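Open the structure in your viewer and keep the selection tool at hand. The tour goes from the whole chain to single side chains.

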Amino acid sequence: MRLAELSERSGVSTATIKYYLREGLLQPGRRVSATQAEYGEDHLRRLRLVRALIQIGGVPVASAREVIAAAEDESLDHHLRLGAATRALPSAGALAEDDPAVETARRSVGALLERLGWSCGPGPDVLGPAHRRLIDSVAALVRLGYPCDTEQLLPYGRLAAQLAVTDLDMVEEQPTPAGQIEAAVALTVLYEPVLLSLRRMAHAQESARRF
């Protein structure tokens with residue numbers, strides 16, 4: 001297909017496609033003349049992944065380039081390739097190491113992960129974006145005096161473990177590794193507001209039942 005058809009099928013403007021080509025996010029097409037190139041289904045799949053990262057996930061171009069490199073690195077196992085995509089999503093910054101609330105939160109989260117049986121030893125996911133955000137969120141609860149010890153956090157962790165099975169089942173429905181990486185990013189970003197909305201609606205239902 002030519003550039004115009006690639007744009008129409010992908011929903012990405014021709015100007016944006018040209019920008020992705022310049023930035024190395026999209027592989028060049030097959031040259032058919034000095035000024036024209038042809039593109040195939042691989043380009044369409046790559047555009048969907050780039051769009052999921054940048055337009056849906058808010059990932060910077062430089063980080064998106066690293067994700068794509070990891071996604072195509074066949075020396076990595078599929079777990080690490082999926083993780084590279086989700087770890088690139090914007091998240092909390094560095095933790096304040098001298099904050100007593102952070103230290104309390106770190107202990108609570110460590111105990112929670114141990115109860116759940118989740119790996120927290122040396123590896124690529126230690127203090128990754130989600131881990132840091134969890135500690136940061138629990139630290140905010142500690143500062144405000146809200147209950148957030150392991151027993152209070154454990155039901156949330158158990159529910160998250162159940163949801164993870166559903167999420168990964170949806171990712172596995174995609175027939176290709178590239179499609180699964182795209183789905184991991186898109187579903188992470190798009191289903192988080194779904195989860196938040198359902199939780200608030202459930203609160204309203206439970207409040208009506210009780211009060």
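**Whole chain**

Start in cartoon view: the protein has 9 helices and 2 strands. From the N terminus on, the order reads α-α-β-β-α-α-α-α-α-α-α.

This is a predicted model, in which local features need pLDDT of at least 70 and side-chain atom pairs count only at pLDDT 80 or more, while totals for chains, interfaces and linings use all residues. Residues are numbered from 1 along each chain as its sequence is written, and side-chain values use heavy atoms, with hydrogens and water left out.

Zoom out. The C-alpha atoms fill a box of roughly 70 × 40 × 25 Å along the principal axes. Of the 211 residues, 32% are buried. Buried means under 20% relative accessible area, exposed means over 50%, and partly exposed lies in between (1.4 Å probe, protein chains only).

**Colour by confidence**

Colour by pLDDT, the predictor's confidence in each residue from 0 to 100. The average is 86, and 95% of the residues score at least 70. Which helix has the highest mean confidence, and which the lowest? Helix α8 (residues 150–172) is highest at 95, and helix α5 (residues 78–87) is lowest at a mean of 81. Next select residues 121–125. Their pLDDT stays under 50, and the model gives them 6 contacts beyond four places in sequence. A contact means heavy atoms within 4.5 Å.

**Salt bridges**

Show the charged side chains. There are 24 positive and 27 negative ones, and the centres of the two sets lie 5 Å apart. Lys and Arg count as positive, Asp and Glu as negative; His and the chain ends are not counted. Each charge is placed at NZ of Lys, CZ of Arg, CG of Asp or CD of Glu.

A search of the whole structure finds 9 salt bridges. The criterion is a side-chain nitrogen of Lys or Arg within 4 Å of a carboxyl oxygen of Asp or Glu.

- Select Arg9 and Glu41. Their side chains meet in a salt bridge at 3.0 Å, N to O. Arg9 lies in helix α1 (residues 3–10) and Glu41 in helix α3 (residues 41–56), so the pair ties together parts 32 residues apart in sequence. Arg9 is partly exposed at 39%, and Glu41 is partly exposed at 38%.
- Select Arg65 and Glu23. Their closest N and O atoms are 2.9 Å apart. Arg65 sits in helix α4 (residues 61–71) and Glu23 in the loop between α2 (14–22) and β1 (30–31), 42 residues apart. Arg65 is partly exposed at 34%, as is Glu23 at 29%.
- Select Glu38 and Arg30. The closest N and O atoms of this salt bridge are 2.5 Å apart. Glu38 is partly exposed at 28%, whereas Arg30 is exposed at 54%.
- Select Glu206, Arg209 and Arg210. A network of salt bridges links them.

**Last stop: Gly157**

Centre on Gly157 in helix α8. Is Gly157 buried or exposed? At 8% relative accessibility, Gly157 counts as buried. Leaving aside neighbours within four places in sequence, Gly157 is in contact with Leu116 and Trp118.

Note on methods
Helices (H or I, at least four residues) and strands (E, at least two) are DSSP runs, numbered from the N terminus.
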